[in-house]
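Visitor: I would like to learn how to read the features of a model like this one, step by step. Could we take the sheets and their surroundings in turn, and then the contact between the chains?

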There are 2 protein chains.
Amino acid sequence: MADAAVVLVSGGLDSATALAWAVDRGFGCHALSLRYGQRHEVELEAAARVVADQESRRGVRIPHEVLQLDLGRLGGSSLTTGGPVPHHDDVEQVLAAAAESVPSTYVPARNTVFLSLALAWAEVLGAADIVVGVNAVDYSGYPDCRPEYLRAFEALANLATRAATQDGVRTSVHAPLVDLTKAEIITLGVSLDVDFSLTSSCYDPDPTGAACGGCDSCLLRAAGFREAGVDDPTRYAVRPPMSTGW
Amino acid sequence: MADAAVVLVSGGLDSATALAWAVDRGFGCHALSLRYGQRHEVELEAAARVVADQESRRGVRIPHEVLQLDLGRLGGSSLTTGGPVPHHDDVEQVLAAAAESVPSTYVPARNTVFLSLALAWAEVLGAADIVVGVNAVDYSGYPDCRPEYLRAFEALANLATRAATQDGVRTSVHAPLVDLTKAEIITLGVSLDVDFSLTSSCYDPDPTGAACGGCDSCLLRAAGFREAGVDDPTRYAVRPPMSTGW
């Protein structure tokens, strides 16, 4: 039987690629999504599409759990409190702002919360593997996307659970995209037959789910497609400006 | 202004004492409770009573947040899945069983999830301190109650957040009860004027909230009162058997 793994699936481009990677590696994948009060809750529909697409494409069964937890009650992020999310003119501006300070779209301790829940489910499943699509290259503004953070979570996991302390299970956190640029992630996704038209990255989508084309996430995504030389299948309300590159 | 701290308050004897300790230490306390699908959800009423009692007794304001997260969906614990919780004849049996294997009342990765949420709120509040009433002496069956686990969480926290990486905040996890026996916790609580009649420890309360007197938590609590020489104010459906001691 395939080794079970819990894969965090947000519905974005990165987690779709991470899921495809995990399926390709032969893990028996269990997809975990969180309804945490994100303004772009439409991404959860994308998460369901991405999981269903992997199931039909690869002929595997991927149980998908969507947990509900209103992090917006705690505040602290423009992604959950209804405040405006930053918009920039181009991707250079996005990167310059992120180099200055962690963006307002940062959700306090989000990946720690998500990984904790993945660890909980992994323990119940008897799974030693957690897969997460975090990425530290193009957008280093989020502290909980860095390799040293992920190693610290592994160390914690291996002290935290009955599985670790009683049954000797060693938890591994796989972050196959952590060292890739957005363009490299897209290239990897293409090689794994990921259908990016199913994914949703926008922080500020319109009511129909169309991407705004101007938030940090849209600009980074669009620049990634350009750099990878891959047609951008995103349905935009307003197309992102063409950048001269990175 | 007092240093802000997030205190995890379940409504049990330990967390009530930890909260009183934190108030006594002068922290500006923020109480965090979780409705996680626990069968003994009545403990949340106790949590509210304990917080209100500290407020009126000490003349402080303690914001209290109750987050909802259904860990029962993931299964893996008799505390959340409706399965029977263990009952024993006396506290010696409880300790012997816990020495054999982690009890079925263990909730996978619960403290990791709870501490992650405390970290999230602490970051929003600008708080560097988290207080948790875990205890590793009498009941070492839970892996996520041990000092080495708590140190690993601190290490993670100090890599995880914007507060840590951008603003230089060093998170401390205080576990003032971690090295105390249940009797010592009760003695500490008495010295801090904790009203234990407000607390609820039972894993298997009846519909009125009366304690069952036979679950592990009831037996440990009752033995603690006996050993401390303190009258047990718990309202029992069935009084726990008198043990000859530890």
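Predicted model: local features only at pLDDT ≥ 70, side-chain atom pairs only at ≥ 80, totals over all residues.

Visitor: Which strands does S2(B) pair with, and in which sense?

Guide: In general, the strands of a sheet pair through backbone hydrogen bonds, either parallel or antiparallel. Here S1(B) and S2(B) pair in the parallel sense over 5 bridges, and Val6(B) stands opposite His30(B) in S2(B). The path of chain B from S1(B) to S2(B) goes through H1(B), and this β-α-β crossover is right-handed. Strand S2 (residues 28-35) of chain B also pairs with S3(B), again in the parallel sense and over 5 bridges; in that pairing Ala31(B) stands opposite His64(B), and the bridge partner of Arg35(B) is Gln68(B). A right-handed β-α-β unit is made by S2(B), helix H2 (residues 43-58) of chain B and S3(B).

Visitor: In what order do the strands of the chain B sheet lie?

Guide: The sheet of chain B is open and has 5 strands in the order S3-S2-S1-S4-S5, with parallel pairing. Its edge strands are S3 (64-68) and S5 (172-174) of chain B, each of which pairs on one side only, and the twist from one strand to the next averages 25°. Helix H1 (residues 13-24) of chain B packs on this sheet, where it touches S1 (4-8), S2 and S4 (129-131) of chain B, and its direction makes about 170° with that of S1(B).

Visitor: Why is one side of S3 and of S5 of chain A left without a neighbour in the sheet?

Guide: The chain A sheet is an open one of 5 strands, in the order S3-S2-S1-S4-S5 and with parallel pairing. Strands S3 and S5 (172-174) of chain A stand at its edges and have a single partner strand each, so one side of each lacks a neighbour in the sheet. Strand S4 (residues 129-131) of chain A pairs with S5(A) in the parallel sense over 3 bridges, and Asp129(A) has Ser172(A) as its bridge partner in S5(A).

Visitor: Why does Val66(A) count as partly exposed?

Guide: Val66(A) lies in strand S3 of chain A, and it counts as partly exposed because it has 14 C-beta neighbours inside 10 Å, whereas a buried residue needs 20 or more. Leaving aside residues up to four places away in sequence, Val66(A) touches Ser33(A), Arg35(A) and Leu44(A).

Visitor: Which residues have the most contacts inside the largest nonpolar core?

Guide: In soluble globular proteins, nonpolar side chains tend to be buried together. The largest nonpolar core here has 166 residues, and those with the most contacts inside it are Val7, Leu19 and Ala118 of chain A and Val7, Leu19 and Ala118 of chain B. Leu19(B), for example, touches Val7(B), Val9(B), Cys29(B), Ala31(B), Val50(B) and Gln54(B), not counting residues up to four places away in sequence.

Visitor: How many residues of chain A are in contact with chain B?

Guide: The contact involves 38 residues of chain A and 38 residues of chain B. Elements of chain A that give two or more residues to this side are strand S3 (64-68), helix H4 (110-125), helix H5 (147-160) and helix H6 (162-165), and the largest share, 9 residues, comes from H4(A). By class, the side of chain A that touches chain B has 23 nonpolar, 8 polar and 7 charged residues.

Conventions:
Residues numbered from 1 in each chain as written. Chains lettered and ligands numbered in written order. Core = buried A, V, L, I, M, F, W, Y, C linked by C-beta atoms within 7 Å. Buried ≥ 20, exposed ≤ 12 C-beta atoms within 10 Å, placed from the backbone. Contact = placed C-beta atoms within 7 Å. Helix = DSSP H or I, 4+ residues; strand = E, 2+ residues; numbered from the N terminus. Nonpolar A, V, L, I, M, F, W, Y, C, P; charged D, E, K, R; others polar. Pairing = 2+ DSSP bridges. Axes fitted to C-alpha atoms, helices over the stretch in contact; angles between N-to-C directions. Right-handed = clockwise from strand over helix to strand, strands pointing away.
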